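This report describes a sheet, the helices around it and selected backbone features. Please consult the sequence and the structure shown here.

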Amino acid sequence: MNNISFTSGIKPVLMNDFFKYKSAISVDNYVDYPWLISSSKVASDVYTSNICDCTSCLITDGKKALLMHLNSYSKNNHDFRNVLKYISNNMNISDNNLQAVLVGSKSSNALSAKIFKNFTLLLNHLKIPVTILKNGMGPTNIAYRTCKDEVVVSNITIEKALNKGQTGIRALESGFEEVKISDLDYVI
């Protein structure tokens, strides 16, 4: 078990609140199309949007964050030696403070499901605790700021749930087919 010195908050938000939140983050830290390994960002604050059948992986040590958003149709994105190389070149994979959030996938798309499964296997192999938000009910946006140590998550289904007064965990459960919150994370 890792000796984590911090916990991350997972915060489902309205779409407008996501856009306000990410406006405090430099556009240089935006993981954008074509959603390749080389499109990934490492910074104190990062964000991406429109996670549909892609898979997005956020890894943080509490001081910096690495964010990947991988398109399942790119052959190179399926070579997890390259994914591991990128992660190990940018994060100390021996650091006991690493935590991850894995978002995306579409089980109806075999290529998408494969990338998500490979990320899960890699994070388990590296013993990095992970929160899983799988099979979003619409294009999903995520952002992370180390100063707040929180991951904000939005999609249209989350927004509908929040507008109906649902709790944060219920909003996440409505926004994804599968939600597993790491023991080291909490829902805001």
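Does K127 count as buried or exposed? The model is predicted, and in it K127 counts as exposed because its relative accessibility is 60%, above the 50% cut-off. K127 sits in the loop between α3 and β8 (130-136). Its phi is near 60 degrees, a positive value in a residue other than glycine.

**Backbone features in loops**

D149 likewise has a positive phi without being a glycine, at about 45 degrees. This residue belongs to the loop between β9 and β10. At 11% relative accessibility D149 lies under the 20% cut-off and therefore counts as buried. A cis peptide bond joins Y33 to P34, with omega near 20 degrees; P34 is part of the loop between β2 and β3 (41-43).

**The sheet and the helices across it**

Six strands form an open sheet with mixed pairing, in the order β2-β4-β9-β10-β1-β12. At its edges are β2 (30-31) and β12 (185-187), each of which pairs on one side only. Within the sheet, β9 (residues 140-145) and β10 are antiparallel and share 5 bridges.

| Helix | Strands crossed | Angle |

**S154 in strand β10**

S154 is a residue of β10 (residues 150-154), and its bridge partner is N141. With a relative accessible area of 0%, S154 is buried. Apart from neighbours within four places in sequence, the contacts of S154 are V13, L14, M15, F18, P139, T140 and N141.

**Packing of α2 against α3**

Two packed helices are described by the angle between their axes and the distance between the axes. For α2 (residues 80-90) and α3 (residues 110-125), the axes come within 11 Å and cross at roughly 50 degrees. The angle therefore makes α2 oblique to α3. The crossing of α2 past α3 is right-handed. On the α2 side, the contact involves F80, V83, L84 and I87, and on the α3 side I115, N118, F119 and L122. By class, the residues of this contact comprise 7 nonpolar, 1 polar and no charged.

Technical notes. Residues numbered from 1 in each chain as written. Predicted model: local features only at pLDDT ≥ 70, side-chain atom pairs only at ≥ 80, totals over all residues. Heavy atoms only, no water. Axes fitted to C-alpha atoms, helices over the stretch in contact; angles between N-to-C directions. Helix = DSSP H or I, 4+ residues; strand = E, 2+ residues; numbered from the N terminus. Parallel < 35°, antiparallel > 145°, perpendicular 65-115°, else oblique. Left-handed = near helix turned anticlockwise from the far one by under 90°. Contact = heavy atoms within 4.5 Å. Nonpolar A, V, L, I, M, F, W, Y, C, P; charged D, E, K, R; others polar. Buried < 20%, exposed > 50% of the residue type's maximum accessible area, 1.4 Å probe, protein only. Pairing = 2+ DSSP bridges.
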